[in-house]
Amino acid sequence: MSAPALSLVLPAYNEEARLGSALDELFGYLHRRGRLGRDGRAGAAGLPLEIEVLVVDDGSTDRTGEIVRQRAEFASGELALLTVPHGGKGSAVRAGMLAAKGDLIVFADADMATPPDELVVIVQALQTADAAYGSRIQPDGSDMRASQPIWRRVLGKTFHALASWWVVGPVDDTQCGFKGFKRDVARDVFARQRVTSIVFDVEVIYLVRQRGYRGVVVPIHWGDRRGSRMHPGPRLALRVAWDLIRVPLLHRGPGPAARDGGQPRPG
Ligand SMILES: Nc1nc2c(ncn2[C@@H]2O[C@H](COP(=O)(O)OP(=O)(O)O)[C@@H](O)[C@H]2O)c(=O)[nH]1
Ligand SMILES: [Mg+2]
């Protein structure tokens, strides 16, 4: 079979409570719009018809894998399951991004915090950009993260201050779990990714820039979903701080000009 036009990678760790309804929502949307198929035609509203959905089960100890395997879309080949040893969201996303076959490869949260119709926005951005980062901050300045609990917002602001000062510069929302890449760019960037904690998003943005690719920010809708897998505490805080410090140090060395002997692309 030829490569699908679009792959959607969903990292999932102990998601038995949320994954079933999230996949209902995703495939409900894709099927309703007639956007799944194998004939290579473009879909009505800008999404390609050939889409593969790849759930990366990160060593879950619950029924996450079973929920995937029992679905009709698994039997029909629209949905695939990749099982990896538990290693954190960053390692699951990396495995999925390197295994996915699509011309364009997007990763998203398995709780569908970003509604599936936002795929169109990322796909459109990737017609010109090499990488597209969903952002919960809207052009009018309003912030979709306002639906998060107050403690998450305070942690988020602290994280952002550190990440923008030390690693990525003025990218307003590094942590949105909805990002897309052209396949070759995904292969290059994710093969270099080393961080497996939630700081991997920052590392990926850093690598896109360092490798001379063009990344763009696209405002998307997002809603806080209950049942978060994130458990903040001193351990996570230390890990995040350590990973933020490490990112530029891990990737010291020649930039894109030395890589391919050419000039870095704009961006
Ligand atoms: N594979 C994997 N996925 C994870 C891990 N932790 C979180 N995720 C996934 O990351 C996504 C976002 O997680 P969530 O708990 O909703 O985070 P929040 O929305 O930031 O509170 C979901 O798809 C989770 O299953 C992990 O350790 N491994
Ligand atoms: Mg969530």
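Why is β2 largely enclosed by the rest of the structure? Here are some notes to read alongside the model, which is a predicted one.

1. **The enclosed strand.** Eight of the eight residues of β2 are buried, so the strand is largely enclosed by the rest of the structure. Do look at both of its faces: I51, V53, V55 and D57 point one way, E52, L54, V56 and D58 point the other way, and all are buried. In general, the side chains of a regular strand alternate between the two faces of the sheet.

2. **Neighbours in the sheet.** β2 runs parallel to β1, and seven bridges join the two.

3. **The ligand shell.** Ligand 1 is surrounded by 18 residues, and the closest are D58, A92, A110, S228 and R229. D58 is also one of the buried residues of β2. At least two residues of the shell come from each of β1 (6-12), β2 (51-58) and α4 (89-99). Sorted by class, the shell holds eight nonpolar, three polar and seven charged residues.

4. **Helix α1.** This helix spans residues 19-32, 14 residues in total, and reaches 19 Å from its first C-alpha to its last, close to the 20 Å expected at 1.5 Å a residue. Which of its residues are buried? They are L19, A22, L23, L26 and L30. These residues cover an arc of only 95° around the axis, which puts them on the same side of α1. As a reminder, an α-helix has 3.6 residues a turn, so residues three or four places apart point the same way. On the other side of α1 you will find D24, G28, H31 and R32, which are exposed. The cover over the buried residues of α1 includes β1, β2 and α2 (64-69).

5. **Helix α6.** What covers the buried residues of α6? The cover includes α8 (200-210) and α9 (234-250). The helix itself runs over residues 150-168, and its buried residues are A163, V167 and V168. Please also glance at the residue just after α6: G169 takes a positive phi of about 70°.

Definitions and conventions: Residues are numbered from 1 along each chain as its sequence is written. Chains are lettered from A and ligands numbered from 1 in the order in which they are written. This is a predicted model: local features need pLDDT of at least 70, side-chain atom pairs count only at pLDDT 80 or more; totals for chains, interfaces and linings use all residues. A residue is near a molecule or strand if its C-beta atom, placed from the backbone, lies within 6 Å of it. Helices (H or I, at least four residues) and strands (E, at least two) are DSSP runs, numbered from the N terminus. Ala, Val, Leu, Ile, Met, Phe, Trp, Tyr, Cys and Pro count as nonpolar, Asp, Glu, Lys and Arg as charged, and the others, Gly among them, as polar. A residue is buried if 20 or more other C-beta atoms lie within 10 Å of its own, exposed if 12 or fewer, and partly exposed in between; C-beta atoms are placed from the backbone. Two strands pair if DSSP finds at least two bridges between them. The expected span of a helix is 1.5 Å times one less than its number of residues. The arc is that of the directions from the helix axis to the C-beta atoms. Two residues are in contact if their C-beta atoms, placed from the backbone, lie within 7 Å.
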